[in-house]
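Here's a quick briefing to read with the model open beside you.

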Amino acid sequence: MRNRPAFKTALGGLFAVLSSTVAWAQHSHSSVRPDRHAPAGVMADHIHQTGEWMTSYRYMNMLMQGNLIGEGHVSPEAIATTVPNRFAGQPMQPPTLRVVPTDMRMEMHMLGGMYAPNNHFTLMLMVPYATRTMNHITFQGGTGSARLGTFQTQSSGLGDITVRGLFALDHAPGRSTHASFGMSLPTGSIQRKDQILTPMGTTPTPRLPYPMQIGSGTYDLLPGLTYVGHTGRWGWGAQYAGQIRLGRNNEDYSQGDLHAVSVWGSVQPLSFASFSLRVRGENKAGIDGADDLIRLPVQTADPGRQGGERVDVGLGINLAASGAMQGHRLSIEWLEPVYQNLDGPQLEVQQTLNASYQYAF
């Protein structure tokens, strides 16, 4: 098993919080269903009652490691010697990719707020802060499989702020359905730079490739539809969530449209806790257009190598309290992919950790 110290540290901190949360949940004798909310990785999953507010903090940590072309694994040496460079023939550009990413970690901290002016409509605002770190191998210029060295790039900052409206379509004992419609605002940077190691041994500071940019640079539509139900100790739900780009950004490209579907089931063995199993599938299109300042012999600089399909399976826990701690919720979810088909070479997702704390009043 690969050494993943950052995940171990994150998990240790989260389980410390989880232990203390279980303690207060037990003390409060919660009568609020913990599965009224979806697993931690599902956004815009519920609406509120008239006049109710909710604040939230969400955390996401995703690790990508190793490379895929389609469904097949490919080594750094194979990429460096066989995969064509999109920019071959231009000055200082080799015929094949000579810089290969080996792993990437994405972290997201997100503050959120929700308010319901009435029982049928809830407003939602999310403000993210993202950090992205990627490690690379640089091969010596020209051809061959001789390694020149390694380097790391990092970018961080405010991401794209999202605003949504959630509209109740059906509500009855044991079930509810609502639609969501929102907009992602281009508040995240698409001009981040960092120092790299080129195949010629130089160390310039160019604009970073597409996966290392913090925002999309475009206004994006965010349609969604969510259904949840429960009876006795059992709960279930399903959601469609989309992200549709509206034109190109100021650098003359747009990220690919994203469509994701989740289905989940849960069981509530304790009054304050439920455990969930979720299956999530997504389809992401490649980038339309290109940034003229992103011209590097690396797969992440190729707009045509950014799309693909993935299916994840996740296990989660939801905790809810009432009494003196009424309104507090904590949820944690761990997902791992069971299928990936990428327009590669592309880094392979290994796992994702989602955590969410919410307080409604």
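Let's start with Glu282, which is found in strand β12 (residues 273-284); helices (H or I, at least four residues) and strands (E, at least two) are DSSP runs, numbered from the N terminus. This is a predicted model, where local features need pLDDT of at least 70 and side-chain atom pairs count only at pLDDT 80 or more, while totals for chains, interfaces and linings use all residues. Residues are numbered from 1 along each chain as its sequence is written, and side-chain values use heavy atoms, with hydrogens and water left out.

**Glu282 and its surroundings**
- Glu282 is buried, at a relative accessible area of 16%; buried means under 20% relative accessible area, exposed over 50%, and partly exposed in between (1.4 Å probe, protein chains only).
- Its side chain makes a polar contact of 2.8 Å with the side chain of Arg280. That term means a pair of N or O atoms within 3.5 Å; within protein, one must be able to donate a hydrogen and the other to accept it, and residues adjacent in sequence count only if both atoms are side-chain atoms.
- If you leave aside neighbours within four places in sequence, Glu282 is in contact (heavy atoms within 4.5 Å) with Leu258, His259, Ala260, Gly308, Glu309 and Arg310.

**Strand pairing**
- β12 pairs with strand β14 (residues 308-320) in the antiparallel sense, over 12 bridges; two strands pair if DSSP finds at least two bridges between them.
- Within that pairing, look for Phe275, whose bridge partner in β14 is Ile317.
- β14 is also joined to β15 by 13 bridges, and these two run antiparallel.
- Gly316 stands opposite Glu333 in β15.
- In a regular strand the side chains alternate between the two faces of the sheet.

**His328 and β15**
- His328 is found in strand β15 (residues 328-360) and is buried, with a relative accessible area of 16%.
- Which side chain does the side chain of His328 make a polar contact with? The partner is Tyr357, at 2.5 Å.
- His328 and Phe361 are 33 residues apart in sequence, yet their C-alpha atoms are 9.1 Å apart in space.

**Aromatic pairs**
- The count comes to 4 aromatic pairs. Rings of Phe, Tyr and Trp (its six-membered ring) pair if their centres lie within 6.5 Å; planes under 30 degrees apart count as stacked, over 60 as edge-to-face and the rest as tilted.
- One of them is Phe121 with Phe167, a tilted pair at 5.0 Å centre to centre and 35° between the planes.
- Phe121 sits in strand β4 (residues 121-139) and Phe167 in strand β6 (residues 162-172), so this pair ties together parts that are 46 residues apart in sequence.
- Phe121 counts as partly exposed at 22% relative accessibility, and Phe167 is partly exposed at 39%.
- Tyr359 and Phe361 form a stacked pair, 5.4 Å centre to centre with 25° between the planes. Tyr359 is partly exposed at 29%, as is Phe361 at 49%.

**Nonpolar cores**
- The largest nonpolar core has 13 residues, and Phe151, Tyr210, Tyr253, Leu296, Val298 and Ala301 have the most contacts inside it. Such a core is a set of buried Ala, Val, Leu, Ile, Met, Phe, Trp, Tyr and Cys residues joined through side-chain atoms within 4.5 Å.
- A second, separate core of 10 residues includes Met64, Met134, Leu208 and Leu347.

**Loop residues**
- Glu251 lies in the loop between β9 (234-245) and β10 (253-254) and is buried at 16% relative accessible area.
- The Glu251 side chain makes polar contacts with the side chains of Gln191 at 2.8 Å and Arg207 at 3.1 Å.
- Asp252, in that β9 to β10 loop, has a positive phi of about 70° although it is not a glycine; Asp252 is partly exposed at 44%.
- Ala44 has a phi near 50°, a positive value in a residue other than glycine. Ala44 is found in the loop between α1 (5-28) and β1 (53-70) and is buried at 5%.

**Confidence**
- Mean pLDDT (the predictor's confidence in each residue, from 0 to 100) is 92 for the protein chain, and 91% of its residues reach 70 or more.
- Over residues 14-30 pLDDT stays under 50, and the model has 30 contacts beyond four places in sequence for this stretch.
- Where pLDDT is low, the predicted coordinates should not be read in detail.
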